[in-house]
Amino acid sequence: FRRVLFRSGKIRFNFRHFPMTRIHQRSLKAGEAAVATAQEGKFWEMHNILFANRRNLGTTSLKLHSKEAGVKSKKFLDDLVNATFGWQVQGDLKEGIERGVKDVPTFFVNGTRVSKPTYEELSKAIDQALKQSKKKTTTKAPVKQRA
């Protein structure tokens, strides 16, 4: 699932893992592989490769996918086998369950779930959040200066 946050008119996009293991048994390890590649700044490259190869996500394939994404770490396979980043994926999954996520993609804008994850609905939610953010910044009381 994804969270979109606004502060002072700025957008912050957070990606959270929500492996749907009932549908795809290897989705948990794929999430761990994505986190491992993120350590080298290659998250989105790996994300795209994983979705393009979602039927081929065994451990050996994940190692090959990481090389394709540009990962140079020799620890990647060890990290994957030892579930080094499993805690992060499990934490994201737990957070999603607590927030009522059942399907992916699910989007939250400033903590509010977007009911339909369509481009139009997401755009409306973002526009509304931006308007609220601008109101908050313009209605603040002036800061008093010390003499």
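Arginine 16 is located in the loop that runs between β2 (10-15) and α1 (27-38). The model is a predicted one, and in it arginine 16 has a relative accessible area of 18%, which places the residue in the buried class because buried means under 20%. The side chain of arginine 16 is joined to that of glutamate 95 by a polar contact of 3.3 Å.

Glycine 91 counts as partly exposed, with a relative accessibility of 34%.

## The chain as a whole

The protein chain contains six helices and four strands, and the order of these elements, read from the N terminus, is β-β-α-α-α-α-α-β-β-α. Of its 147 residues, 38% count as buried. Among the contacts in the chain with a separation of 6 or more, 55% are accounted for by residues 24 or more positions apart.

## Helix packing

Two packed helices are described by the angle between their axes and the distance between the axes.

| Helix pair | Angle between axes | Distance between axes |
|---|---|---|
| α1 and α2 | about 155° | 8 Å |
| α2 and α3 | about 130° | 9 Å |
| α1 and α5 | roughly 115° | within 8 Å |

For α1 and helix α2 (residues 43-52), the angle between the axes is about 155°, and α1 is therefore roughly antiparallel to α2. The crossing of α1 and α2 is right-handed. On the side of α1 the contact is formed by Ala30, Ala33, Ala34, Thr37 and Ala38, and these meet Phe43, Met46 and Leu50 in α2. Sorted by type, the residues of this contact of α1 with α2 comprise seven nonpolar, one polar and no charged.

Helix α2 also packs against helix α3 (residues 59-69), here at an angle of about 130°, so that α2 and α3 are oblique to each other. This crossing of α2 and α3 is right-handed as well. Glu45, Met46, Ile49 and Leu50 in α2 are the residues that meet Leu62, His65, Ser66, Glu68 and Ala69 in α3. The contact of α2 with α3 divides into five nonpolar, two polar and two charged residues.

With 6% relative accessibility, histidine 65 counts as buried. Leaving aside residues up to four places away in sequence, histidine 65 touches Met46, Ile49, Leu50, Asn53, Asn56 and Leu57.

The axes of α1 and α5 cross at roughly 115° and come within 8 Å, in a crossing that is right-handed. Leu28, Gly31, Glu32 and Val35 of α1 make this contact with Gly86, Gln88, Val89 and Gln90 of α5. The residues of the contact of α1 with α5 divide into three nonpolar, four polar and one charged.

## Backbone details in the loops

Which residues does the cis peptide bond join? The bond lies between valine 104 and proline 105, and its omega is about 0°. Proline 105 belongs to the loop between α5 (86-98) and β3 (107-109).

Alanine 83 has a phi near 55°, which is a positive value in a residue other than glycine. Alanine 83 is situated in the loop between α4 (76-81) and α5, and with a relative accessible area of 33% it is partly exposed.

Asparagine 110, although not a glycine, likewise has a positive phi, of about 50°. The loop that holds asparagine 110 is the one between β3 and β4 (112-113). Asparagine 110 is partly exposed, with a relative accessible area of 35%.

Methods: Residues are numbered from 1 along each chain as its sequence is written. This is a predicted model: local features need pLDDT of at least 70, side-chain atom pairs count only at pLDDT 80 or more; totals for chains, interfaces and linings use all residues. Side-chain values use heavy atoms; hydrogens and water are left out. Helices (H or I, at least four residues) and strands (E, at least two) are DSSP runs, numbered from the N terminus. Buried means under 20% relative accessible area, exposed over 50%, partly exposed in between (1.4 Å probe, protein chains only). A polar contact is a pair of N or O atoms within 3.5 Å; within protein, one must be able to donate a hydrogen and the other to accept it, and residues adjacent in sequence count only if both atoms are side-chain atoms. Axes are lines fitted to C-alpha atoms, for helices over the stretch in contact, and angles run from 0 to 180 degrees between N-to-C directions. Angles under 35 degrees count as roughly parallel, over 145 as roughly antiparallel, 65 to 115 as roughly perpendicular and the rest as oblique. A crossing is left-handed if the near helix is turned anticlockwise from the far one by less than a right angle, and right-handed if clockwise. Contact means heavy atoms within 4.5 Å. Ala, Val, Leu, Ile, Met, Phe, Trp, Tyr, Cys and Pro count as nonpolar, Asp, Glu, Lys and Arg as charged, and the others, Gly among them, as polar.
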